[in-house]
Structures are given as structure tokens and as C-alpha cells.
Amino acid sequence: MAVVTIAKALNNALRAALEHDPRVLLMGEDIGKLGGVFRITDGLQKDFGDDRVIDTPLAESGIIGTAVGLAMRGYRPVCEIQFDGFVYPAFDQIVTQVAKHHARSAGRTSMAMVIRIPFGGGIGAVEHHSESPEAYFAHTAGLRVVSPSNPLDAFVMLQQAIACDDPVVFMEPKRRYWDKGEIPEDLVAAVDAHSRGDLFRARVVRPGRDLTLACYGPTVRTCLEAATVAEGEGRELEVIDLRSLSPLDFETVYSSVRRTGRLVVVHEAPVFLGLGSELAARVTERCFYSLEAPVLRVGGFHAPYPPSRLEDDYLPDLDRVLDGVDRSFAT
Amino acid sequence: MTVPKGATRREVRVAVDGGPDLVQLLTPEGERVTHPDYDIELSADELRVLYRDLVLVRRVDVEATALQRQGELGLWPPLQGQEAAQVGSGRALRPTDFAFPTYREHGVAWCRGVDPLNLLSLYRGITNGGWDPDASHLGLYTIVIGDQCLHAVGYAMGIQRDGTDDAVIVYFGDGATSQGDVNESFVFASVFNTPVVFFCQNNQWAISEPLERQTRIPLYRRASGFGFPGIRVDGNDVLAVLAVTRAALQAARDGEGPTLVEAFTYRMGAHTTSDDPTRYRVEADLEAWKLKDPIERVKSYLARSGMADSAYFATVEEESEALAVRLRRECRALADPSVSSMFDHVYAEPHPLIEEEREATLTYLASFTHHEGGPERLSGTSTPPTAPVEAF
């Protein structure tokens with residue numbers, strides 16, 4: 001067992017992918033000598049050369065647009081968008097080209113690429129560095145969207161995403177980059193054999209019988225902490241790490257809610273038309289007679305992400321998750 | 001802003017003369033001229049092939065416009081006036097070079113061996129693509145203005161990594177030069193020195209907006225700011241376009257990086273069949289450009305130099321009529337795609353939501369037809385739209 005951070009696990013995953021497949025290329029701003037602003041690509045340009053670990057001009061649409069051409073030529077670009085709030089210049093290329101090219105070409109042209117985006121708040125940053133834009137991408141047919149919450153998932157899921165023949169938007173929980181976890185030493189060789197189906201499966205990370213908490217990325221830790229506190233109050237919360245946002249693994253959520261009768265969805269993104277809205281609609285449709293309370297959502301507000309001195313009041317923390325739990329039991 | 005009494009709106013007149021830097025090898029009157037930097041030696045056979053291409057491509061365009069007017073196509077963007085720019089550049093390519101089109105490159109598609117029926121199929125609403133990019137080495141029509149320029153540069157970055165001497169050409173218009181993606185593609189191509197030719201067909205109009213709304217300097221001179229050469233060629237002169245494009249492609253193969261070619265031409269027709277150019281441009285410009293017709297000058301040259309006679313011209317004419325008849329027949333026979341096909345190929349790998357929605361849709365549709373006394377379907381079935389679509 002090696003104990004590594006999420007950041008190091010991602011770095012190891014990129015290294016493994018570069019070693020495994022010569023068509024894999026990394027592209028992004030400052031990813032070469034600097035190793036990326038979060039050091040996720042640290043040391044990779046030195047070992048794989050600047051033809052495969054490419055410091056691009058400072059233009060996000062340019063990164064994704066050229067990645068489309070590279071994918072058409074048979075390469076598998078892994079693009080780094082430096083911060084969540086900087087992805088919007090590339091939004092057109094992602095939505096009109098990356099997402100639709102496979103369908104437009106009737107399946108002839110693969111758009112195998114990964115778009116890595118550090119997302120979410122909690123690091124005391126300036127504006128545009130703390131956003132959660134995942135719903136935009138999950139809303140777009142043709143894209144897959146996933147988000148790991150721990151080092152092992154970061155290591156495995158990133159390699160699975162790179163091996164996937166569809167474009168994958170890979171949302172990295174930036175305030176958890178330095179969270180540590182264990183990765184088995186022999187896993188590097190095993191990842192290739194991993195079923196890709198696992199990438200799009202949710203996982204019950206803590207079983208419980210009283211209420212289901214569904215979350216992903218940075219809020220998984222928050223929800224696990226909430227479940228520990230709730231246990232002391234005599235409530236057993238089941239925590240589901242969704243892991244994949246498109247496709248969403250509804251069955252895992254349904255089966256949990258049919259047992260617990262209560263669901264609270266937690267994410268940093270604004271609750272209005274967020275992933276929680278879709279889950280609430282689907283669960284209402286499919287688990288109507290199992291529900292003891294309406295599905296509730298805990299998340300960001302319908303306001304621009306605030307100045308960092310206010311972010312603790314914007315982000316769903318332990319108390320707000322427990323408040324959501326209380327409200328569910330109050331009905 | 002106060003408007004002086006009696007003031008009239010200034011008439012927008014576009015340039016007819018390409019200026020002193022224009023590369024030309026065949027005058028509008030069909031006279032062969034030389035250029036110190038660009039020349040080309042073509043056999044009589046090669047010249048006749050170019051003439052045939054120009055005539056057939058125009059005939060396809062005329063037929064497609066008629067098919068739209070008769071409700072067989074939802075839309076058609078005519079290429080009339082731009083035949084030489086497209087055939088000259090399209091014929092400069094080697095089979096393994098790759099071309100990235102906009103949505104009007106019918107002449108380039110012809111040169112790449114894509115059956116025009118595929119273009120009709122797209123504009124009839126049968127498909128959003130229509131051909132195999134890898135087989136034809138022609139990318140799919142790209143409707144968002146300028147997006148394909150970045151794809152071309154990325155593809156060229158792939159060629160660099162593969163170590164072949166293929167080159168890429170990407171088409172875009174004068175309007176597209178205002179797009180961020182086009183300018184970003186210039187930056188990427190320049191700093192990575194990619195083997196790409198930026199082929200701008202300056203047809204003077206971006207729907208209703210004249211060139212002066214996009215630029216204050218000639219477009220080919222934009223290239224110098226990005227650090228690579230820019231050339232203005234007579235876009236109605238198939239020989240000059242062929243010579244200039246060949247040279248630019250050769251420079252790309254030789255590791256000299258990108259070139260911007262501005263083909264100075266004119267969109268003789270509407271932007272698309274939904275457009276009404278009489279609202280924004282004057283007849284006099286059209287008359288002036290008619291005298292620069294790309295086909296007539298080749299015909300004059302061939303006739304005057306004895307490389308083709310009236311029998312040859314008649315043969316090409318007959319061939320073009322037969323092509324039009326065949327396209328009309330096959331276009332009208334194109335079957336609508338199945339409802340289920342809209343769910344095909346959204347993803348390369350299985351996706352549960354796609355399968356769920358496909359199954360639900362097919363079950364719903366079956367409920368109308370298979371049950372005695374079941375509900376009658378009141379809403380429409382798929383037919384090509386005939387109402388004007390304002391933008392694209």
C-alpha cells in the first residue's frame with residue numbers, strides 16, 4: 001500500500017496512461033516545466049518530452065479545438081483547463097464539436113479525449129477559481145462527466161476515462177487535492193484490465209438505513225463527516241458517492257432510497273437545475289411509494305460564487321448537510 | 001447622433017479590384033499572364049479537367065438551389081462565383097492531405113471525391129454529416145463559424161507527430177476572420193509551425209455584412225501579425241489559385257509552417273436560400289463581378305488557344321445535365337432516417353440513458369399503430385422544413 005494524495009494519484013495515472021498508450025498526449029497551460037498550477041503534471045514533460053506534454057498558448061478554445069483535430073488524427077488528448085471558471089472560452093468547442101462529432105460522423109470519428117477541470121471552492125481564491133460548472137456538461141448529450149472523491153478513484157478513474165472512446169469531462173475536487181488515501185502498489189498493472197463500466201457506477205461508501213445522502217467530488221468527505229455526527233445522534237445515514245454525473249447511476253440511488261425512504265442530494269453547484277434536480281425528479285418518478293419525505297437538495301445558491309471571505313456560508317458544510325437531514329426527518 | 005437633413009444612407013460598395021498584390025495567371029478575358037513568384041505549367045488535358053470540374057460544380061449548385069425552391073431541400077448555401085477558388089485549391093491537394101470545410105465547400109467536396117448526393121442529403125435533413133472523413137480526407141461540414149480552423153491545426157499537429165509530409169487546408173470566409181477561434185488557430189499554427197494552409201474565401205459578404213465591417217486592412221495582411229506569410233490571389237482564376245495553393249502546401253510539407261491564402265472573390269448568389277441579398281447590396285457590384293466569371297475565362301482561354309473546341313464544350317455540357325438529372329432523381333428518392341437512428345452514435349460506448357430513451361420512444365410510437373381502437377397520432381411526421389430559417 002502506498003499512501004498518496006489525490007494530486008499525486010492523478011499524476012501517477014497520467015504517467016501510467018502516457019506509458020501505456022503512445023497516442024495519449026497532455027495539453028494545457030503551464031503543464032510542462034511548472035507541472036501545472038496544482039502540479040498534477042509534475043515531471044511528466046521531463047520524462048515524456050514536449051511533443052507529448054504540450055505547453056499550449058494561453059487560449060482555452062484553442063486547446064480544445066486543436067484537441068478535436070488531434071482526436072480526428074487518432075490521438076487521445078488529455079486537456080487541462082487551469083480552473084473551472086476558465087472553461088467557458090472553450091464551451092463552444094466542447095458543446096458543438098467535441099460532444100457532437102461522433103454522432104455527426106455516424107460513429108466514424110472518435111472523439112476520445114479527456115478534459116480535466118479542477119472544480120469547486122474552499123481554497124480562498126479570487127473570482128472564477130471556485131466554480132462548479134458540471135451540470136452544463138452533464139446536460140450535453142455526447143459528453144460523459146465523472147468526478148473522483150478520493151486518491152484510489154482518482155488514480156483508477158482517470159486512466160479509465162483516458163481509455164474511454166467517448167469524450168470525458170473529468171471534474172477534479174481541487175480543495176481535496178491534498179487529501180490522502182491508500183493505493184495498492186500493484187494496481188498500475190491492474191488498471192488496464194479494469195472494466196470501464198465501473199467508471200460510470202456510483203458506490204455506497206457508507207451503508208445506513210435511515211436516509212440516503214447522494215454526493216460527489218468534494219462533498220463526499222463532507223457527507224461522510226455528517227454521517228459520523230448523525231450516528232452519534234442515533235441516525236444511520238447511507239452515503240452514495242455518485243462518481244459519474246453522466247451517465248448517472250440511478251439504479252444505485254433507487255435501490256438505496258427504496259430502503260431508506262429519504263434522499264438528500266448535496267453538491268457545491270447551485271441547486272437550481274443542478275444534478276440534484278434531476279435526481280429528485282427521477283427518484284420521485286421511480287421511488288414514489290417508497291418516499292417518506294420529499295427529496296431535498298443542499299448546495300450552492302443562485303448567486304455568483306461569493307468573495308472568499310463568504311465562501312464558508314456558500315458551500316454546503318457539515319451543518320448545512322445535517323440541517324438538510326433534519327428537514328427530511330421533520331416531514 | 002444627429003443626422004443632417006437630407007442625408008442619405010451611404011451606399012455600400014464592395015471592392016471589385018483586388019489591388020496590386022493580387023496574384024493572377026488568367027485575366028477575366030481569358031488571357032494567360034505570368035507572375036514572377038507563381039507560375040504553373042499545365043497540359044491541355046489538365047486544363048480541360050479543371051474546366052470540367054468548374055462546370056460540373058456549378059451545375060450541382062444550380063440543381064441544388066432548384067431542389068430547395070421546390071421543397072426537396074430545407075436549405076442550400078450556393079457557391080456560385082466561388083467555383084475557381086474551390087476547384088483550384090481542391091485540386092492542389094494530394095490524396096493524403098486533409099481538407100476542413102465550412103458548409104459551402106461543394107467544389108472542394110467534389111475534388112475530394114465526395115458524391116454531391118451526400119451534400120444534398122445533409123441539406124435535405126437526412127444526416128448531419130454524410131461522408132467518411134477518413135476515407136475522403138475531407139472533414140465534415142462545420143456550421144459554427146470558424147471552429148474548423150482549430151481542428152485543422154490540431155490535425156496538422158498530429159501530422160507533425162506522425163512524421164509524414166502531408167498537409168492540411170482549412171476553408172473559412174471573410175466573416176470568420178473576426179472569430180476568436182480563427183485567430184487562436186493562427187496563433188497555435190504559428191507557434192507550433194504546423195503544416196496548414198489557411199484558405200480564406202473572401203467573397204465580400206458575411207450574410208449581409210460587407211467586408212468593411214470585419215476588417216480595416218486587407219485580410220491577407222493579417223498573417224504578418226501572426227508571423228507567417230499571407231497572399232492574395234484572384235479567387236476567380238483557377239490557375240492562380242492552383243499555383244498559389246500548391247506553393248503554400250509545399251511550404252507546409254517543407255516545414256515552413258502555415259500560410260494564409262486570401263482568395264479574392266465574390267458570392268454571386270444569396271448567403272443561403274433563406275437570404276435576400278437585394279436588401280443589402282447593389283446590382284452594379286454584381287454586374288462588375290459577372291465580368292470576372294471564373295468559368296468563362298477558362299473557356300475563352302481553352303477555345304482561343306485551340307486546346308478545346310465546341311464539341312468538347314458540348315460534351316461537358318451534356319455530362320453536367322446528366323449529373324443534374326441523376327442527382328435530382330436520387331435526392332428525391334432519399335429515404336428519411338428511422339426514428340431510432342437519432343439515438344445511434346451519440347456515444348461510442350454503451351450509455352444507459354440513450355437506451356432507455358430509445359426504447360421508450362419506440363414503445364410510444366408503436367402505441368399509435370398496433371392497437372385496434374388505439375389513439376390516432378395528430379402531430380406531424382418528419383418532413384423537410386420549408387419555412388425560411390433566418391440565420392444559417
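Reader: What is the handedness of the crossing of H4(B) and H12(B)?
Author: This is a predicted model. In it, the crossing formed by H4(B) and H12(B) is right-handed.

Reader: Are H4(B) and H12(B) parallel or oblique to each other?
Author: Helix H4 of chain B covers residues 116-124, and helix H12 of chain B covers residues 310-332. They pack with their axes 10 Å apart, at an angle of about 40°. Angles under 35 degrees would count as roughly parallel, and 65 to 115 as roughly perpendicular. H4(B) and H12(B) are therefore oblique.

Reader: Which residues in H12(B) do those in H4(B) meet?
Author: H4(B) contributes B:Pro116, B:Leu117, B:Leu120 and B:Arg124. By class, its contact with H12(B) has 5 nonpolar, no polar and 2 charged residues.

Reader: How far apart do the C-alpha centres of domain 1 and domain 2 of chain B lie?
Author: Chain B is divided into domain 1, residues 44-332, and domain 2, residues 339-369. The distance between their C-alpha centres is 37 Å.

Reader: Which element gives the largest share of the side of chain A that touches chain B?
Author: In chain A, 34 residues are in contact with 32 residues of chain B. Two or more residues on the chain A side come from each of helix H3 (60-72), helix H4 (91-98) and helix H5 (101-104). The largest share, 9 residues, comes from H3(A).

Reader: How many nonpolar, polar and charged residues does the side of chain A that touches chain B have?
Author: The residues concerned are the 34 of chain A that are in contact with chain B. By class, they comprise 12 nonpolar, 14 polar and 8 charged residues.

Key. Residues are numbered from 1 along each chain as its sequence is written. Chains are lettered from A and ligands numbered from 1 in the order in which they are written. This is a predicted model: local features need pLDDT of at least 70, side-chain atom pairs count only at pLDDT 80 or more; totals for chains, interfaces and linings use all residues. Two residues are in contact if their C-beta atoms, placed from the backbone, lie within 7 Å. Helices (H or I, at least four residues) and strands (E, at least two) are DSSP runs, numbered from the N terminus. Ala, Val, Leu, Ile, Met, Phe, Trp, Tyr, Cys and Pro count as nonpolar, Asp, Glu, Lys and Arg as charged, and the others, Gly among them, as polar. Domain bounds come from an automatic or database domain assignment. Axes are lines fitted to C-alpha atoms, for helices over the stretch in contact, and angles run from 0 to 180 degrees between N-to-C directions. Angles under 35 degrees count as roughly parallel, over 145 as roughly antiparallel, 65 to 115 as roughly perpendicular and the rest as oblique. A crossing is left-handed if the near helix is turned anticlockwise from the far one by less than a right angle, and right-handed if clockwise.
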